[in-house]
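The sequence and structure come next, and the text then takes up each topic in turn.

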Amino acid sequence: VERLRSELGATDLEKQLERLVVENQRLKQELKICKSSEPASNNCPICSHSQNAESLQREVTRWESQARQRERRLVELERDLQEKSQKVETLHRELDQTTRQLQESERSQTEAEHKLSLRIQECEDELHRQATAPPRVKYVTQTVEVQSADSHKVISELQGKNSALQEQVSVQRQLLRELETQLHDSQRTCTQLRTQHLHHSLTKAVGHTEVIHRLSKILVYEGEMERAQGRLEAEMQNLEEEKNRVIEEAFIRAESEMKAVHQNLAGVRMNLLSLQPALRTLTSDYNSLKRQVQEFPFMLDKAIAEAKQEICQVISEVSSTNQELLRKYKREMNLRKKCHNELVRLKGNIRVFCRVRPVSQEEQDSSDAKSMLSFDSDDDSLLYLSNKGKVMTFELDRVFPPKSTQEEVFQEVQSLVTSCIDGFNVCIFAYGQTGSGKTYTMEGVPENPGINQRALQLLFSEVTEKAADWDYTISVSMVEIYNETLRNLLGDNPTEKLDIKMHPDGSGQLYVPGLTKITVESPEDINRVFELGHMNRATACTNLNEHSSRSHALLIITVSGYNSTTATHTQGKLNLVDLAGSERISKSGAEGSRLREAQCINKSLSALGDVINALRSKHAHIPFRNSRLTYLLQDSLSGDSKTLMMVQVSPLSSNMSESVCSLKFAQRVRTVELSSSVSSRKHENSSTSSSPTHDSVEVTQILLLDIIHLCFSWKNIAELKKRYLPSYLECSTVWH
Ligand SMILES: Nc1ncnc2c1ncn2[C@@H]1O[C@H](COP(=O)(O)OP(=O)(O)OP(=O)(O)O)[C@@H](O)[C@H]1O
């Protein structure tokens, strides 16, 4: 109230009012003095001009009574004014109280809004937390719903209160406006009365200067009072307007805030409404997940136990299957080896082929060109030779006529080549007189390679095919034997002589200290090795053609394999030998160094013949040491090793006697070997009389299995025929 009073300037106004009252009393006093003074006194300006003192007196009395009445009226009005002022004050107080209440309600509303926004924030946070965290939404939902209802209730109460207060304020305002109107009317009436009083006083005091003077003063005062009243009213009006404006603004602000709060509340409600189904879904999901999580360890344990059991079962099954497979594989390997051995045994460990070279372009026109050799078109193992009117028939394992290609020749020897992968030692010799085509068969020409290069290529492709199970290493050495001297053709110094010694490990194996072994991994490596060997051979002699005719060239290929599945090691050796010319000394008529060369060649060739003889006759002593060649090839000629003698024959009639010698040698070797093989078969048959032995039955079974295998997996009947038909025809008893 004090603040409002000071704002409205009530104290100043009261002071002014007091001052005016005091002034009014003073004026009344003066008027009384004036009235009590001598009517015709010259001192009195009014009375001095008075013509009729009595009439004036009456007039004055009337005016006085009128003045008294008016004063009374004024007093009444003042009282009324005071009452109204008090009412205004009371109204102000009520207004303050209302304002306070309004402020309080605003504050409580603000608090409620704040609480509500906090609650909304909390709800949002909780929702966000629920969305990210494992849902515990059920409780939150309930909490939010309860809180929302309370808030709603509080808001609606506050709204009710607010509207009631607003109604009160408007009623109070209406009342205030009415009171102010009344006050204004009273003041106007008061002013009118004063003006009338003044007018009467002026009229009464005509002629009385003093009275006029006082009246003018009164008028001035009245004017001042009026102006002060006007200012007061204007200020009050301004203050009222200001107050109304402030209230209006506060009301608008409160309304807009209220509206915003309502909107927020509506948004929150909408959110809550839209979130509720999601919350329900989340809650049900959460519950099902919770159940799953609770059940998960048991399920996991169960699954792990089942998986373990299954894995154990599978492992044991796989392991037993593996064992079974391994057993079968080993059995198959043994059977295969047995089969191969049996086949080789049936064919003979020493096989003899004959190849007749074609007549060359230069020899075409000579009388020599008339060939004395003829072939059987139905049997490729027969060769006919017309000599001095007689026809000699030679039967060998295979006869290659001049038109036979390198490929055809290699096809016949490739089974021997591949057997060294299985760990067998193999020797392939090219035997024959000079110029009969030994080097051509073994080495060939660059555009048409011979057995050496084809054998290495075949070995490469075979080991590549078996690479899944086997790890193979192929190494190559090249040696030359000239005049019983051993030379390393792949070493740094080709003139260096090598020696053959017993292995220091006490295994009884022979070895050549300092012999170079080069591991080959590709056909390019083979070409490089051959080039090096040729180069070294050429550097050690003056005429390579002559030198090669008089020396033995050996290509030694070692194939080492390891099977990690069966932990099996194998090592096979393939010796490819291009022997020196076999012509007789008497015919060549050699002397000096040539004679020594020929003697050395003859010595080694006859030593080779002796060794083969001793081997096929199964002598207790095999004379390997009689020559460097047989000594070096000792391990590849003995035991279950395989030997192929390729007898090269010249088609020229001038070479006929040498050809006959070579063919007789070949025939002898083959006949004895075949007879030993046949005799052994005969021995087997005689021992079993009408029924085959267990071994022969097993061999037959093995062969049958192999045939079936070939039929189904290779689908190559030609291969089958080529591989087995001759043997089966040969050993038809066993076969049948
Ligand atoms: N099957 C063949 N087809 C075509 N030409 C051949 C055949 N055999 C040999 N020749 C040719 O005959 C000639 C002599 O052959 P080669 O040099 O191989 O005989 P060789 O027995 O090795 O002689 P040497 O004992 O002197 O070394 C060569 O020119 C060779 O090309």
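Helices, with at least four residues, and strands, with at least two, are taken here as DSSP runs. In this predicted model, the span of residues 222-249 is 100% helix and 0% strand, and its end C-alpha atoms lie 39 Å apart. UniProt, in an unreviewed entry, places the feature "coiled-coil region" at these residues and also at residues 10-115 and 162-196.

Around the ligand there are 15 residues, of which Arg357, Gly437, Thr439, Tyr440 and Ser549 come nearest. By class, this shell divides into 11 polar, 2 nonpolar and 2 charged residues. Helices α8 and α11 each supply at least two residues of the shell, and α8, with 3 residues, gives the most.

A further part of the model is an open sheet formed by 3 strands in the order β2-β3-β4, with antiparallel pairing. Because β2 and β4 stand at the edges and each has a single partner strand, one side of each is left without a neighbour in the sheet. Neighbouring strands of this sheet are turned by 25 degrees against each other on average, with direction ignored. Between β2 and β3, which run antiparallel, there are 3 bridges, and Leu373 stands opposite Leu385 in β3.

| β2 | residues 373-375 |

Notes. Residues numbered from 1 in each chain as written. Predicted model: local features only at pLDDT ≥ 70, side-chain atom pairs only at ≥ 80, totals over all residues. Near = placed C-beta within 6 Å. Nonpolar A, V, L, I, M, F, W, Y, C, P; charged D, E, K, R; others polar. UniProt positions renumbered as here; feature names shortened; annotations may be inferred. Pairing = 2+ DSSP bridges. Axes fitted to C-alpha atoms, helices over the stretch in contact; angles between N-to-C directions.
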